[in-house]
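Please keep the sequence and the structure in view while reading.

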Amino acid sequence: MPKPTYQFRPVTAKNLAQEVMKRSGQNLTACYQCRRCAAGCPVAEETGYMTPDRLIRMIVTGDRRGVFNNKLVWQCVSCLTCGERCPNDIKTAKINDVLKQMAREAREKPQTPKVAYFHDAFTTSAIRWGRVNEPEFMSFYELKNFINDASEKNLKAFLKEIRQQVEFGAAMAKLRRLHFGFETSQGRREIRRLVKKHRQAKKRKVEVNEKC
Ligand code: SF4
Ligand code: SF4
């Protein structure tokens, strides 16, 4: 596969790379494109060979649109193989988690909506209750799928999804792995407070950037 060329966008590159580095804790400037990570990524075929090295290159060259509109961000399975292989200890799974959140904050349409809805349902439930509440989480996830399928007039896809989930749920129930109780965490207020603090700090940063 020919190696793609990237156009350097100095205006967005600095802000984008700095934000991703700060939020993920990964030093992207250490990447020298050796592609050891690419060789081990198990989802490379699924993502059209969008591999960790290419994603990092997009970030440091400031390709904001490409960074949010690729399948690796949504289909990464967090196996951490890339981080294990990287001579500079760059963990792309952490970068992908941050990019998922940034894409949702920027209201970018994800390339794999179901993964985005799963992410939304998971984080919403975890923030509200301090841990994932399974009945709420699954209801929210399926509702979003239904709205998406209905807006695309794809009733067949919705029925297929429901059938799969019922089969999956029955198998889980058989193994006693389904929890219908409304479970919460003792530290849920602390978690909500931390998230609120982070959002306020982010809002302040955006306001400062707009004034500059
Ligand atoms: S293995 Fe590390 S240094 Fe090499 S391309 Fe991947 S992220 Fe960059
Ligand atoms: S953590 Fe994600 S990006 Fe890294 S090798 Fe695994 S699937 Fe690929």
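A crossing is called left-handed if the near helix is turned anticlockwise from the far one by less than a right angle, and right-handed if clockwise. Helices (H or I, at least four residues) and strands (E, at least two) are DSSP runs, numbered from the N terminus. This is a predicted model, in which local features need pLDDT of at least 70 and side-chain atom pairs count only at pLDDT 80 or more, while totals for chains, interfaces and linings use all residues. Residues are numbered from 1 along each chain as its sequence is written, and chains are lettered from A and ligands numbered from 1 in the order in which they are written.

**Overall layout**

The chain contains eleven helices and zero strands. Its C-alpha trace spans about 50 × 45 × 35 Å along the principal axes. Two domains are assigned, domain 1 (1-104) and domain 2 (112-212); the bounds come from an automatic or database domain assignment. The centres of domain 1 and domain 2, taken over C-alpha atoms, are 24 Å apart. Five residues from domain 1 and five residues from domain 2 make the contact, where two residues are in contact if their C-beta atoms, placed from the backbone, lie within 7 Å. On the side of domain 1 that touches domain 2, helix H5 (71-75) and H7 each supply at least two residues. H5 has the largest share of that side, with three residues. By class, this side of domain 1 has one nonpolar, one polar and three charged residues. In this classification Ala, Val, Leu, Ile, Met, Phe, Trp, Tyr, Cys and Pro count as nonpolar, Asp, Glu, Lys and Arg as charged, and the others, Gly among them, as polar.

**Helix packing**

Axes are lines fitted to C-alpha atoms, for helices over the stretch in contact, and angles run from 0 to 180 degrees between N-to-C directions.

| Helix pair | Angle | Axis separation |
|---|---|---|
| H1 (residues 10-24) and H7 | about 115° | 9 Å |
| H8 (residues 113-129) and H9 | about 145° | 9 Å |
| H9 (residues 134-151) and H10 (residues 155-174) | about 160° | 8 Å |

Angles under 35 degrees count as roughly parallel, over 145 as roughly antiparallel, 65 to 115 as roughly perpendicular and the rest as oblique. H1 and H7 are therefore roughly perpendicular to each other, and their crossing is right-handed. From H1, Val20, Arg23 and Ser24 meet Lys94, Ile95, Val98 and Leu99 of H7. The contact of H1 with H7 has four nonpolar, one polar and two charged residues.

H8 and H9 also cross in a right-handed sense. On H8 the contact residues include Tyr117, Phe118, Ala121 and Phe122, and on H9 they include Phe137, Phe140, Tyr141 and Lys144. The residues of the contact of H8 with H9 divide into eight nonpolar, four polar and four charged.

The packing angle of H9 and H10 makes these helices roughly antiparallel to each other, with a right-handed crossing. Glu142, Asn145, Phe146 and Asp149 of H9 contact Leu155, Ala157, Phe158, Glu161 and Gln165 of H10. By class, the contact of H9 with H10 has four nonpolar, two polar and three charged residues.

**Ligand surroundings**

Which residues are closest to ligand 1? The closest are Cys31, Cys34, Cys37, Asp53 and Cys86, out of 15 residues that surround ligand 1. A residue is near a molecule or strand if its C-beta atom, placed from the backbone, lies within 6 Å of it. Helix H2 (36-40) and helix H3 (52-61) are the elements that give two or more residues to this shell. H3 gives the most to the shell around ligand 1, with three residues. The shell around ligand 1 divides into nine nonpolar, two polar and four charged residues.

Around ligand 2 there are 14 residues, of which Cys41, Cys76, Cys79, Cys82 and Ala93 come nearest. Helix H6 (81-85) and helix H7 (92-105) are the elements that give two or more residues to the shell around ligand 2. That shell has ten nonpolar, four polar and no charged residues.
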